[in-house]
Amino acid sequence: MEKGVPIRSLSRGIAILQAINRGGAISMMEIARTSGVPYPTACRIVQTLMHEGLIEREPSRKRYRPTAMVQTLSHGFQGHGLLVQVARPHIVELTRKLVWPISLVTHVGHSMVIRDSTHALTALTFNSYFPGFTLPILESAAGIAYIGYLPEEERSQLLSTLKLLPSKVTTHMIDLFENSNLSDKIRAQGYVTRAYNVFTSNPGKTSSIAVPILVGDRPVGALTLAFFASSVKMSDAVEQFAQPLKDAARAIAADLSSASFDRAAIVI
């Protein structure tokens, strides 16, 4: 990423569009809360997005939803076709064994993006998370696991850009990476846990555990298992799920390594 100060209004517009895209149909108050944008500013941005045809207001209630126009923003993006293809049977089998939903997640900019998931294959989920759902990189287990396995120079560069989007959670996590050897701890245990996730469609209801997918010594994504926070203690989750997740991640990496693929199509 080129150095420089980001355009704040554009960053806020993207945050609001992502919040609406995740929520499906949400109120103005929910848009402001989930995007972290002040309410008056959020109102102006929402009006702009409506003018551009990217979102619309529901006729019967004061809720806003994305339109088909948002698909024009993804034209030209090639995605992670091979990674999804290789990982799919592994995450389906893992959900069959463990019952809980699994997501395949990769890094894009300041977020982690779901590329595939098995939420639709199990009843043990509050919502189905489809490809394109974004997770805050320093608040999600997948994002923290991914950063923990980046080469030191790349990790430092990414953390530097994340400092431009300050929040209490972001600042705290950056401090742990820079001053408390968090990366070494992540690599030593091979997984990351996050309790009571706040960025989901049901804030605080789920917890998660994630492991990186490594091709060679480089992370190309992560696997995340989500579970009901009230149903499974984190210590029990680690004991039951950490090793199967690691095994699946290694199997996916092995399949990728044995396939004929363009590395640039896997790694962003």
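A search of the whole structure finds four aromatic pairs. This is a predicted model: local features need pLDDT of at least 70, side-chain atom pairs count only at pLDDT 80 or more, and totals for chains, interfaces and linings use all residues. Residues are numbered from 1 along each chain as its sequence is written, and side-chain values use heavy atoms, with hydrogens and water left out.

User: Why is the pair of W100 and F228 called edge-to-face?
Analyst: Rings of Phe, Tyr and Trp (its six-membered ring) pair if their centres lie within 6.5 Å; planes under 30 degrees apart count as stacked, over 60 as edge-to-face and the rest as tilted. Here the centres are 5.2 Å apart and the planes stand at 85°, so W100 and F228 are edge-to-face.

User: Which parts of the chain does this pair link?
Analyst: Distant ones: W100 is in the loop between α4 (81-98) and β3 (102-108), while F228 is in strand β8 (residues 218-228), 128 residues apart. Helices (H or I, at least four residues) and strands (E, at least two) are DSSP runs, numbered from the N terminus. W100, F126 and F228 form one aromatic cluster.

User: What makes β3 largely enclosed by the rest of the structure?
Analyst: Buried means under 20% relative accessible area, exposed over 50%, partly exposed in between (1.4 Å probe, protein chains only). Six of the seven residues of β3 are buried, so the strand is largely enclosed.

User: How do you know that β3 and β8 pair?
Analyst: Two strands pair if DSSP finds at least two bridges between them. β3 and β8 have four, in the antiparallel sense. L104 has L223 of β8 as its bridge partner.
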